[in-house]
Each structure stands twice: as structure tokens, then as C-alpha cells.
Amino acid sequence: MSAVEQPGGPGAGLDEAVGPAGPAGAGAGSPVGRLAATVERLSREVRAAQAEAEGRALIELAKGILVERLQCGPAQAARQLDELAEQAGTSRLEFAVEVINQAARDRMSEVTDAFLSATRATDEAEADSVAVRLRAAESGALAADDTQAVAESLLEQALRPLGAVAVAVWAAGADGSLTLAGSAGFSPAEAARWHYVPPDVATVARCGLTERDGLWIASLAETGLPSVGRHHHPAGGRAAVPAGTGGRVHGVLEIAWPAPLPPQPPQIVRQIEALAELCGHTLETYAVPGGPSAEPGMLPDAAELMDLADGLYDPALVLGPHLDADGNLVDFRIQHVNDRFLDPAGRPRAMVSGALLLEAYPMAAGESELFQRIERVYATGEPFRARRMHLTALVDQVPLSAVADISVSRHGSGILFIWRIEDETARLASLLQHAQRLGRIGGFEENLLTGEITWNGQLFDLYGRPQSSGPVPLEELPAHAHPDDAVAISRFLRTLLHHRRSASAAFRLQRPDGVTRHIRVVAEPVLDTDGGLHTVRGAYQDVSAQHWTEVALAATRDQLAHTEQHASERDRLALQLQRAIMPPTQAPLRMPALDVAVRYRPAEAEQLVGGDWYDAVVLPSGLVLLCVGDVAGHGIEAATSMVVLRNALRGLAVTGAGPGQLLAWLNMVAHHLTGAVTATAVCGLYDPDSRTLRWARAGHLPPVLVRGTEAAPLPLVRGLLLGAVPEAGYEEAEVQLAAQDTLLMYTDGLVERRDRSVEESLTQLLTTVGTAPHTLDQQLDRLLTHSRSDTDDDTCIVGIRVG
């Protein structure tokens, strides 16, 4: 194909500039228009010449088949071809292709026959043209000098009639890389950019290489896979089909369509697979210029692979592909086994060598899928390794517990298969050794008749003795133990040796290096046929860590009990102090035209005694001091700080200062006189004569005013929490109350929840107080009853109702 026919090629820029009617302002008679027409005419002539040449090649091939079949000369074969074509009602070329299919009976024949049988009844002309296209593509590929020419022939003869616009033939390297061996329909610059794809890079071709049935993509836009020419046809369909022969994949045939690709019928899929197999033969024939190659010339031959297997310390087999008459891979032949190979069934190596893999191990294709793994390695060249693979499906004689480390790799056309069957006895012995080491256990056996004593290495380590010094007999055990443990050891030896029963004892072992270890020994007697004591066997275990852990736990339990008792006493003292200062019930103030009520609900848990406080008292000036507060923290410190702040505010209030000044003084008290505690508070002075309330706040929630059925918090005034800074100013506000108004001051224990904000809880409070009962006491009780707080904190409420 010439460059002007390739989308994106050198002629693409000319076609875009000229267009179907030439450039703007230039007609068919202009120089540019005449040049474009000349290029188009020459392109058509080239395509026609190529088609004619390929058609002549197919006709000549059919004539040769007739010469061989009819035993006649070329001229008579040509006349016979014309007569048969005329009788069949087809063209000379179409009949020639049918003769070739009948003679070849290859993969291409099967594909064309399937297509003919599926379409002959509906469109006979289309069926014949498909056969011609496939044979023409095959003829062009066989006549091509390199893979690039094969790609151009495939696109022009077989793929463009299917709507494809570009094709790429990729060669797979032994390392998993891909090299663009040939392409058509892509610009030279694009082909140069995609000349080589390193291993493990996920592309359309790479994914097609790993799929047995190939990869069919409806639209590249639906995937994130990169590919050659993606920016030219971003929404077009793609197909990537493995190209191989004899069960071995040599590369990938990738085809590009300009528009989304609908699901293809089986006839089209078989055509593409036949073309991919044609590419596989081509890749097997031609090396890729300038790219990595997987050709056998770069890999060891069979003799070298056998030498490699013989040099391994692990059991190894050399496998070769076994093909059927049609060239399809059906099995692998065991060409060689090394000296270290042991057949799981116990057969000699000579009996296994030379046999087919599935004949020697018929269950290899069963549960383990080992045969499929080997087949995959042979096809793609990607090695396979697995640790502790179960071999229960290899042969019936293999124990169920048999496992092996597997390694399969391809070298040229051969497969190196390494398996190392794990020795179950050695594995269990290793597990036992590690268990003894981790458990710090040493085993022994003492023959009382011969005096022979056997220790393992771990027991020498427990005793702190070199193995060259020899083991210690049981009779000498008291000499190596602490003197205070002599009675326990004597009882142990008497039970074991005299009463001939299993026994155990715990003692302190004094080692030669001066270290004392806490040891537990357990042993059992072994009697002979006459009932006499023959052997004693047992084990020592170092339990020093367990002993000191128990000692530490006992000390911790004692300390914890003391701490719990001390904490309980502190909580009880804090509760008594709080109840002495803040009793849960208190008689309300008696004033004309004013109802005052207070409520205090302590925390349910005694250890959570907090610092909530309230006060409602008539001052000498006739004003009513109303306040609530909350000291941060719990326990006796919070309770004592609460007492200090509450009493200090009572004393400061007799000065006649306003609520803002009172909180400023109380802030100095909290910061300097109570160990820098922090607290929140609301302070108000109510004048019964004018029914006005002056109030200030220190980081506390504002009071709530209930008027009729409406409830709302008072507008916020500025005020920092108490004790945060040495000096602070507090803003005051004044509110005029009316008859039957109710004012509520409270601590956050009334509304605070863990699962919602304070604003949400405050909204719920306003809804509750809006439907108030008749009396103030009933209203406060209702608030405590319907409180949804879940923090188990103290709660204080001060309420006044104007008469």
C-alpha cells in the first residue's frame, strides 16, 4: 500500500488540505487539484495491479493442483479450470480459491468452509468473496519479504473489507516485551513511537497476549488501555488476538476500527483467528529487525538444556512439545530427567524418560492444573513458580500431604520443569525443632540399664553447658537445683523411679554461669516386658518468663487494689462534700410576686462527681442573685473548686457590684486562688420592683426566657470562661420581664449529648419548655424527666417566674 492510502500517513495531510473538491478556491483544473487527481489515479492503479498479481498467483496455484491431480500439462489444466468455473457459475478466481481450499484442508479452508456454509443460502457472492479475500491475504503474506509487507497485505486484502482501518503485528519477546514487527494504516511517526513496549506494560496488545481467546474491545474510550493510534480513533473498536503456531504464541495481531465495534459473529472471529495464525507463521519465519527476539538462536538448544538440568541440585525434567498431524499442541514429551529426579510412583527414571507427560502422569491435568500451567508457559514464555503446591492430582500413589515447590520455564522450544517434593518426615522434624526452640523445651532420654543419656541441643542450652561436657543424670539433679527445692525434687524422683509413675516438678536451676532459671520437668518411665524400669524419658521447660510474669501480675493486682481503694475513698469524700454544699433538694425562696425554684441532679456514677453549682439568694440590697456554674473535671478537685467559686461569688455579691464586675472578680479568684481551674458561669441580678434582670455570662449557655408558649434563649453577650486568663472583662445585658414570664438558667448536663451538636439539643429543650405545666416546680421536674442528655453529668437548674 502506498503512503497516501494510510490514514495519518504522508498522504493524509495532502488529503486533508485538498479534500474531495480540492483546496479552498482551487478547482479540479488547478495545479493542486490535478496533483491530487494524479495521486488518486496512481493509487487505484497500484491497488488494481496488486489485486491482479495476487489473483494470478492464486490461479497459478490452482492450475498446479490440477496438474498434479489430473496428471496433465499446464495448458490443459488452464482449460479445465475455465470449464469447471463456467459450469459452477463462478469466476475463474473464485473457483481457483475453492480448488485450493479442497486441496489444502488447512485452518484457512476450515474458516472459509464455515463461512460458506453459514452464508451460502443468503448471499453466495459474499461467501465466495470472503474465500477469495482470505486466500489473497495468505498469498500476499507468503510472497512478502518481511512482516511489514504481511501487515499491509492483511489490511488491504482481508481486514479493510471488514471495516478495519489499521493493523499491527506485534512480536513477543522472551522477557514479556512486545516489538512492533509490522503495521499498516498507522503513520510512520506513530509506528516509530510504538516500536518497542517494555515488559509488564499493560496495553491492548499485552492484554490480548494473555487471553487465550483474544481481547475484543467495543470502544477504546471505555477502557484506560493505551495502544498504537489511540488518538486517531479514540472511540473505535479493537481486537487483539494471539498469533501462534503449534501451541506456542509468537506475538499478537491487533486490528483497529474507526467506530465502536459491535459483537462479531463466530464466522468473523474465525477469520481473524486464521489471520492471526498466518501472522504466527510469519513471526516464526522472520526476525524482528532492531528489536528483542525470542528466536531459538539466542537460547540454548536441547543438549544445553539437558546439561542445565543435570547441573541442578533439584529434580528436573526437560519437556518438548508434542504436536498432532495438524500441528496442534496436544502433549509434552519427557525428553530428559536428571539424576536427582525421583518418580512419586517409584518407577525408574528410564521408564519415565521418553514418555508423554499425560501418559506418565495422567492426573496432571486434573485438580492441580499443572498441565495447563506448563502449556501456558510454552505458549507465552512467561515462567511459572509456586511454593508448596499440592501434588495430590499427579499420581494416585502420592500421599495426600505431599507438596512441592514448582518452577516451569521455557528455553527456546524446550521446557525446564523443576519440582522439589517436600520430605514430610524432615518437615515434621523441623517443625518439632522450631516448636522446642520457641517453647524453650529440651528433651532427654536416659537408659537406666546401660547409663546412656541422650540430650538434644536445646537442653544443653537450658543448662548453660557446652555439649562437650556431656549430659547430667537424673540422680545428680539435686546438685544443680536451689537447696530450697530439694524436697520437691526428691518427691519427683521417688515417684518416677520408685513408684514408676509419670511425675513433674518445678524448681530453680542454678547454672554454671551464675544465672538462675525457673524450670519445669516432666518425665515418664518406660518398662520392659517383665515390668522392670528400663528407660526414663521426658522434657525440661524454661518457665522463667511465666514465673516472673506471675510475680509481676500479683504485684500489679496488689497495687491496683490499693489504687482502687484510694480512688473509692476520694470519690466518696467528693460526693459527701458536694452533697453537703449542694443538697439535691432545697427549699425555694419566698418572695412576693416572684417564684424561685432550683433543681440539682448529681451524676449517676459516684466516680463522676462533678463541679456543677447553683445559687439563688436575696442580697441585702433587695436584689436576687441568680447563678449557675460548671467547673471543668470530676472528682474531689472539681468539688472543692466549686465550693470556692460559689462561696466567693456570694461574698462578692454583697458589694453591690453588677454581674459583669462580679464575674471579672470571680475570674481572678479562679485563676489565682484555686490552682488555675477553669469554669463556666451565668450570673444575674433580678430587681423585683422594676422586674428587670441584669445578667452576664462566662462561656456558659445563655438563659432561656419562656413567655406564653414561646421559648427562646436570651441574646448572647461576650464573656470568656473563668480562669483562662488573669484578667477579663464581661459584657452585661438587661431584659425586662413581664407577668407570668419564666426564666431558666441551667448547666450543660441538661442538654449535652455525644451524638449531636449543642444547637440540636437546645432546640429540643425549647420545644419541651414551650409546653409548660402550671407551676414552676412542675416545669423544672418536667425538664429533668424529659432531658435527653447521655453524658451522665451533673445537672443544675435555676428558674424564676414573675407573679
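Is Ala-593 buried or exposed, and at what relative accessibility?

What you see is a predicted model, in which local features need pLDDT of at least 70 and side-chain atom pairs count only at pLDDT 80 or more, while totals for chains, interfaces and linings use all residues. Residues are numbered from 1 along each chain as its sequence is written, and side-chain values use heavy atoms, with hydrogens and water left out.

The chain holds 22 helices and 27 strands, where helices (H or I, at least four residues) and strands (E, at least two) are DSSP runs numbered from the N terminus. Of its 803 residues, 45% are buried, and buried here means under 20% relative accessible area, exposed means over 50%, and partly exposed lies in between, with a 1.4 Å probe and protein chains only. If we take contacts (heavy atoms within 4.5 Å) between residues at least 6 apart in sequence, 59% of them join residues at least 24 apart.

Now to the opening question: Ala-593 counts as exposed, at 53% relative accessibility. Ala-593 sits in the loop between strand S17 (590–591) and strand S18 (594–601), and although Ala-593 is not a glycine, its phi is positive, at about 60°.

Gln-740 is the other residue I would like to show you. Its place is in the loop between strand S25 (732–736) and strand S26 (742–746), and Gln-740, also a residue other than glycine, has a positive phi near 70°. With a relative accessible area of 53%, Gln-740 is exposed.
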